[in-house]
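Here is a quick tour for anyone about to work with these coordinates. Take a look at the sequence and the fold first, and then read on.

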Amino acid sequence: MKVISKKATVCVTNDLISDQRVHRTCLVLMEEGYSVMLVGRRFRHSQAVHRPYKTYRFRLLFNKKALFYAEYNIRLLLFLLFSRNHLIVSNDLDTLCACFVASKLKKTKLLYDSHEYFTQVPELTHRRKIQKIWNYIERKIFPHLPFAVTVSDSIAQAYNQKYGVPVFTIRNLPLLKTWSHEQVIKIKGERVLMYQGALNVGRGLELLVDTISLLDERYVLLLAGSGDIENNLKARTKNMKLDNRVIFLGKVPAEKLHFYTLAAHLGFSLEEDMGLNYRYALPNKLFDYIQAHVPVICSALPEIEKIVLHYKVGRCLSKEQLNANYLAAFINSLWANPEQLSEWKENCKIAAEELNWENEKLKLKQILKEFIN
């Protein structure tokens, strides 16, 4: 008799291309015996997706603001109701309505994975009416969840204290990588600085562009990602005549991004303290830099600082130090003191053996066994 595998539907609102956390979660579910379907949306210029599990992307009439979220959740709810599932995985609050209702109507297990402190993202903190709507949705659903997972201890503690629900930390750690020098993507520039992630407000991106303008021609800046302020950054770069030294890579598929990161000499994570989401952030780019043995320059926010100081893989900057003059002088000082860069790089190699998905996924597997299987 043929054994029918368990089925899991994993839900996101993005186009599946660069979400490494979700991809790794899908692989763990496959290891645990699930047949996986990853559901998202398709943009006009979305690239093809090639994964070892099934994928499905909605073509939507609306791609922005309230109408998008409403249409997506209605489409997702219908999709889930007419699909056979043993497990529904909701990634972030913007998929939770459809996933929660479907799980209740079909009596299906639900795993909620909050990739950030959603109601405290900078895009919402100055839009009080919109923020109130998301807070309402969260308050109505979160207390009824059996458990949840998130990306940092601080966010887990905040949710637990607010709703009394067990919340577990599964950090955004990359796979343990092996590579050869031939795989490194060549970048024109002797000293390569890199930022990877969303090009959104509060990420210190304007600061990085301003800093490059104060450094000499040997320095180049890679920006891997896209987002709300991308066009503003490109205009800023053009006005400052830095077109040949600030390289916009756009959204880079996860399997290719690592080979750009390998070309970097310094990685940056300069989130501003704009609400609890950034304050408690533990971004995956931090671990991606470490996995590529790239020292990190970051904001002195608690979760990030805890990692950087413990493993001695870079430098944390105070709010007062987050200005272009200080940062440019500090970067120059590192090349005047190559021993420091070398020490951080060696520490990255040691940290990479511990801070990887092969170790972190064991927590997720244990959670699945205790709450789902």
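The notes below cover salt bridges, helices, strands and the surface.

Please keep in mind that this is a predicted model. The salt bridges come to 17 by count, and one of them, between Arg21 and Asp113, has an N to O distance of 2.9 Å. Helix H8 has its buried residues along one face, and strand E12 pairs in parallel with E11 and with E13.

**Salt bridges**

- Side chains of opposite charge can pair when their charged atoms come close.
- Are the two partners buried or exposed? Arg21 is buried at 5% relative accessible area, and Asp113 is buried too, at 4%.
- Asp216 and Arg218 form a salt bridge at 2.6 Å, N to O; Asp216 is partly exposed at 30% relative accessible area, and Arg218 is partly exposed at 33%.
- A network of salt bridges links Glu31, Glu32, Lys361 and Lys365.

- Glu230, Leu233 and Thr237 are the buried residues of helix H8, which spans residues 230–239.
- Viewed down the axis of H8, these buried residues fall within an arc of 60 degrees, so they line one face of the helix.
- An α-helix has 3.6 residues a turn, so residues three or four places apart point the same way.
- On the other side of H8 lie the exposed residues Asn231, Asn232, Lys238 and Asn239.
- What do the buried residues of H8 pack against? Their partners are helix H7 (205–214) and strand E10 (246–250).
- Glu230 also forms a salt bridge with Lys234, at 3.2 Å from N to O. These two residues are four apart in H8, a separation of about one helical turn.
- Glu230 counts as buried at 15% relative accessibility, because the cut-off for buried is under 20%. Lys234, at 36%, counts as partly exposed.
- Just after H8, Lys241 has a positive phi of about 55 degrees.

**Helix H6 and its neighbors**

- Helix H6 covers residues 153–163, and Ser154, Ile155, Ala156, Ala158, Tyr159 and Tyr163 are buried in it.
- The buried residues of H6 pack against strand E5 (109–114), helix H5 (128–141), strand E6 (148–150), strand E7 and helix H12 (302–311).

**Parallel strands**

- Strands E11 (residues 266–269) and E12 (residues 296–299) run parallel and are joined by three bridges. Ser269 has Cys298 in E12 as its bridge partner.
- Strand E12 also pairs with E13 (residues 314–317) in the parallel sense, over four bridges. In this pairing, Ile297 stands opposite Arg315 in E13.

**Loops and surface**

- Leu61, Phe62 and Leu67 make a nonpolar surface patch of about 330 Å².
- Where is Leu61 placed? Leu61 sits in the loop between strand E3 (54–59) and helix H2 (65–81), and at 74% relative accessibility Leu61 counts as exposed.
- Thr178 lies in the loop between strand E7 (167–169) and strand E8 (191–196), and Thr178 is exposed, with a relative accessible area of 74%.
- Thr178 and Gln291 are 113 residues apart in sequence, and their C-alpha atoms are 9.5 Å apart in space.

How values were computed: Residues are numbered from 1 along each chain as its sequence is written. This is a predicted model: local features need pLDDT of at least 70, side-chain atom pairs count only at pLDDT 80 or more; totals for chains, interfaces and linings use all residues. Side-chain values use heavy atoms; hydrogens and water are left out. Buried means under 20% relative accessible area, exposed over 50%, partly exposed in between (1.4 Å probe, protein chains only). The arc is that of the directions from the helix axis to the C-beta atoms. Contact means heavy atoms within 4.5 Å. Patches are made of residues with over 30% relative accessible area and no salt bridge: like charges are joined within 9 Å, nonpolar side chains (Val, Leu, Ile, Met, Phe, Trp, Tyr) within 5 Å. Accessible areas come from the Shrake-Rupley method with a 1.4 Å probe; for residues, only the protein chains shown count as cover. A salt bridge is a side-chain nitrogen of Lys or Arg within 4 Å of a carboxyl oxygen of Asp or Glu. Two strands pair if DSSP finds at least two bridges between them.
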